[in-house]
Amino acid sequence: MGDRSEKGSGKHKRRTTIAGDAARAHQVKRGGAETLRGQVKEKEKEQRHETPANKHNNHRDAGDDAFSCHKLQESLLSSNSGYSNYRGVLNWCVVMLVLSNARLVLENLIKYGVLVDPIQIISLFLKDPYSWPALCLIIVSNVFIMAALYIERKLSVGSISEGTGTFLHCINLAALLFVPAGTVLILTSITPVGGVLALSVFTILFLKLYSYRDVNKWCREIRHAKARTLSRSHSCPSVHKANGTTGYTHVIYPANLTHRDIYYFIFVPTLCYELNFPRSPRIRKRFLLRRLLEMVFLMQLILGLIQQWMVPTIQNSMKPFQDMDFSRIVERLLKLAVPNHFIWLIFFYWYFHSSMNFVAELMQFGDREFYRDWWNSETIPYFWSNWNIPVHKWCLRHFYKPMLVKGVNKLGAQLAVFFLSAFFHEYLVSVPLKMFRLWAFLGMMAQIPLAYFVGRFLRGNYGNAAVWMSLIIGQPIAVLMYVHDYYVLHYESAAESTAA
């Protein structure tokens, strides 16, 4: 029995050895991968059965790196850390902004009730609903458009000299500014809001027709010099290709001097004229509908915020101004800054994104760069050159560069650009209000020393914060100054005359 059991045991051992040999042979054939895995498992088993003394010896042999938990690194909020994911902080700011302004909205509703009145909005545009003076004034602007077209036609065929053509253009452009201004000042039926709209249209026409005159003059100069014809990209008759897609012919001067051409330029959202504008291949109906809904909703929101939030704040600011209570004036100014800035931001999106994209899509105008990243501005000049690209392009092309060509230095040309912008800001405010206080003009000219200070002493985030502060605080100051002067001029004088 014992021998048999030993034999059996020996036989079992032999089978195991044979099986093991076969397994090792199979592992060798597979490149030793299984052997390595088995060795790792064995090591893990040994580590599980290690005694504390063995662990201490192993750590001591491995050195300090085995249990080190520190390394050279910066705190996340340090600028040198390279960390940039502040999404949670941004979400927190948005939540706090919503909650704080929800409290202000609730406080406003409890204090004043619902002040939004669409009928009152209509009365801001019209005193006499049957005369529509501002609209009639805008319709008259077609006279100046036709005058510019026919002057250019006469110049293209040589019927009048360049000097005569320049003189006629100057008269036409001057009339574009002074005729509507005189009409607004004389007619009492034009409200301030209607006057602002009418004068804004005429200001845009002035800039467009100035560019129209310049570009056609450049074309004549090139033609007279027998050089290569100026070619750009623009409104032109469409031709149907064989595959059914719509293409556009290339227009060469003077074939551009048509009613279709000039009215296309008048309606597209740009101030710089070209013979051939970049064109989009088709009108996207969904894109058009989204922009239209944004325009309607945001306009209603702007008007509601003005009636419900800004008007009561401005009315409550009149007494501190009259009493010259500076602490109360500052408090009113800061209170007005919030709704004013919100309305300005909404207006920016409504005008430069929704409205301009809507018109551009409708006219198949291809250049949609109406603004750049002005919100990242670290200097004042960067903001003014990026928040309104159509005006910036016009100033650069038709005002700044021509002054450099005539020998004016860069600083002088930049000052002239700010002066021109200040003039038009004052023109669009003082004339409709029928009073001249120069607050808008001085506010724009104050950008020059502010630009020097920010560019000289502030950099990066500090410069960006200074730009935002100038936007948030500067506009309410001008608003309060004009409203105060308008109130004193029209209401206090009327009350004094009634009392007398």
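Helices here are DSSP runs of H or I with at least four residues, strands are runs of E with at least two, and both are numbered from the N terminus. I also need pockets: on a 1 Å grid over the protein atoms alone, a pocket is an open set of points where a 1.4 Å probe fits, with protein on both sides within 12 Å along at least five of seven lines, and lining residues have an atom within 4 Å of a point.

This is a predicted model, where local features need pLDDT of at least 70, side-chain atom pairs count only at pLDDT 80 or more, and totals for chains, interfaces and linings use all residues. Residues are numbered from 1 along each chain as its sequence is written, and side-chain values use heavy atoms, with hydrogens and water left out.

The chain as a whole, then. It has 18 helices and 2 strands. Of its 500 residues, 32% are buried, meaning under 20% relative accessible area with a 1.4 Å probe and protein chains only; exposed is over 50%, and partly exposed is in between.

An unreviewed UniProt entry lists several spans as "transmembrane region", including 163–187 and 333–352; such annotations may be inferred rather than shown by experiment. In the model, residues 163–187 are 96% helix and 0% strand, with 36 Å between the end C-alpha atoms.

Next, the second largest pocket. Its space is about 240 Å³, the volume filled by probe spheres set on grid points joined across faces, edges and corners. Helix 8 (192–224) and helix 14 (389–405) are the elements that give two or more residues to its lining. Which helix gives the largest share of that lining? Helix 8 does, with 6 residues. Among the lining residues are Arg213, Asp214, Trp218, Arg397 and His398. By class, the lining has 5 nonpolar, 1 polar and 6 charged residues; Ala, Val, Leu, Ile, Met, Phe, Trp, Tyr, Cys and Pro count as nonpolar, Asp, Glu, Lys and Arg as charged, and the others, Gly among them, as polar.

Last, backbone geometry. Tyrosine 253 and proline 254 are joined by a cis peptide bond, omega about 5°. Proline 254 sits in the loop between strand 2 (246–248) and helix 9 (259–267).

The loop between helix 15 (410–433) and helix 16 (439–445) holds lysine 434, whose phi is positive, near 60°. Leucine 438, in the loop between helix 15 and helix 16, has a positive phi of about 65°. Lysine 434 is partly exposed at 29% relative accessible area, and leucine 438 is partly exposed at 42%.
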